[in-house]
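Student: I have a new structure open and would like to go through it slowly. Could you walk me through it?

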Amino acid sequence: MLKGILQFSHHLLEESVNVGELVIDATCGNGNDTIFLSEIVGKNGHVLAFDIQEKAIVSTRETLINNGISNVSLIHDSHANLEDYLSKEENQTIGGAIFNLGYLPRSDKKIITRPESTITAIDTILNRLKQSGLMVLVVYHGHDGGKEEKEAILKHVIRLDQKEYNVLQYGFINQKNLPPFIIAIQKK
Ligand SMILES: C[S@@+](CC[C@H](N)C(=O)[O-])C[C@H]1O[C@@H](n2cnc3c(N)ncnc32)[C@H](O)[C@@H]1O
């Protein structure tokens, strides 16, 4: 069967991330992807999980405590500042990353990911991504501001040099109501 969007995003990361690596949840929200990443890197790995909303950080922290998870650093800041939280050693690589764009479900729909900060974070991660590593963006675009972000991101990633990156788009084209889709970028 064809995998659904969230299932496929996790499948891609499961296939490419190794135990012990550093990985990024660029938009932790309620922490679903954070927990998933924490499991696939194991206790010797590390997750940096970002969100600009206090509510999301509180919610994810609670989930981490309830699940006895200790290999996550929760960062209440924009993913645009990600560089500040990486080691200054240039040989430190990122094993994989995920973004879930848009707004936090059942929350303020005005607090959304924005093209400029998302693209800054994409470029920071690509710079440090390990060879054959994957960055997965789950692009929700049905809300106000979603179309602009979708277009800006597509314009940006379509230009990535094919000698250095494979860029995949995965989505269901016969679904109603602007369904989310995946952009997956693999460093060659
Ligand atoms: C679709 S939700 C993420 C859902 C999350 N993956 C989960 O499992 O619940 C998008 C999140 O991105 C956050 N966000 C928006 N702009 C951000 C930014 N510049 N940096 C980090 N997080 C941001 C929002 O606060 C929101 O919680």
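Predicted model: local features only at pLDDT ≥ 70, side-chain atom pairs only at ≥ 80, totals over all residues.

Student: How many salt bridges does the structure hold?

Tutor: The structure holds three salt bridges. In one of them the side chains of Lys130 and Glu21 meet, with 3.1 Å from N to O. Lys130 lies in strand β5 and Glu21 in the loop between α1 and β1, so this pair ties together parts that are 109 residues apart in sequence.

Student: Are those two buried or exposed?

Tutor: Lys130 is buried, with a relative accessible area of 12%, and Glu21 is buried as well, with a relative accessible area of 17%. Each counts as buried because its value is under 20%.

Student: What does Glu83 pair with?

Tutor: Glu83 forms a salt bridge with Arg128, and the closest N and O atoms of the two are 3.7 Å apart. This pair also links distant parts of the chain, since Glu83 sits in the loop between β3 and β4 while Arg128 sits in helix α4, 45 residues apart. Glu83 is partly exposed at a relative accessible area of 36%, whereas Arg128 is buried at 11%.

Student: And where do Lys147 and Glu151 lie?

Tutor: Both Lys147 and Glu151 lie in helix α5, four residues apart, which is about one turn of the helix. Their side chains meet in a salt bridge, at 3.3 Å from N to O. In general, an α-helix has 3.6 residues a turn, so residues three or four places apart point the same way. Lys147 is partly exposed, with a relative accessible area of 49%, and Glu151 also counts as partly exposed, at 41% relative accessibility.

Student: Let's stay with α5, then. What span should its 13 residues have?

Tutor: At 1.5 Å a residue, the 13 residues of helix α5, which are residues 146-158, should span 18 Å, and the end C-alpha atoms are 18 Å apart, which agrees.

Student: Which residues of α5 are buried?

Tutor: The buried residues of α5 are Gly146, Glu149, Ile153, Leu154 and Val157. They cover an arc of only 125 degrees around the axis, which means that they are on the same side of α5. On the other side of α5, Lys155 and Ile158 are exposed.

Student: What do the buried ones pack against?

Tutor: The buried residues of α5 pack against α4, β6 and β7, which are residues 115-128, 165-170 and 181-187.

Student: Changing topic, which residues come nearest to the ligand?

Tutor: Of the 22 residues around the ligand, those that come nearest are Asn30, Asp51, Gln53, Ser78 and His79. For Asp51, an N or O atom of the side chain is 2.6 Å from an oxygen atom of the ligand. For Ser78, a polar side-chain atom lies 3.0 Å from a nitrogen atom of the ligand.

Student: What about Thr27, and which part of it is 3.2 Å from the ligand?

Tutor: For Thr27 it is a polar backbone atom, which is 3.2 Å from a nitrogen atom of the ligand.

Student: Last one: where is the place of Ser38, and what is it in contact with?

Tutor: Ser38 is in helix α2, residues 32-41, and at 6% relative accessibility Ser38 counts as buried. Leaving aside neighbours within four places in sequence, Ser38 is in contact with Val47, Ile69, Asn71 and Val72.

Terms used
Residues numbered from 1 in each chain as written. Heavy atoms only, no water. Helix = DSSP H or I, 4+ residues; strand = E, 2+ residues; numbered from the N terminus. Expected span 1.5 Å × (residues − 1). Buried < 20%, exposed > 50% of the residue type's maximum accessible area, 1.4 Å probe, protein only. Arc of directions from axis to C-beta. Contact = heavy atoms within 4.5 Å. Salt bridge = Lys/Arg side-chain N within 4 Å of Asp/Glu carboxyl O. Near = heavy atom within 4 Å. Polar contact = N/O pair within 3.5 Å; in protein donor to acceptor, adjacent residues only side chain to side chain.
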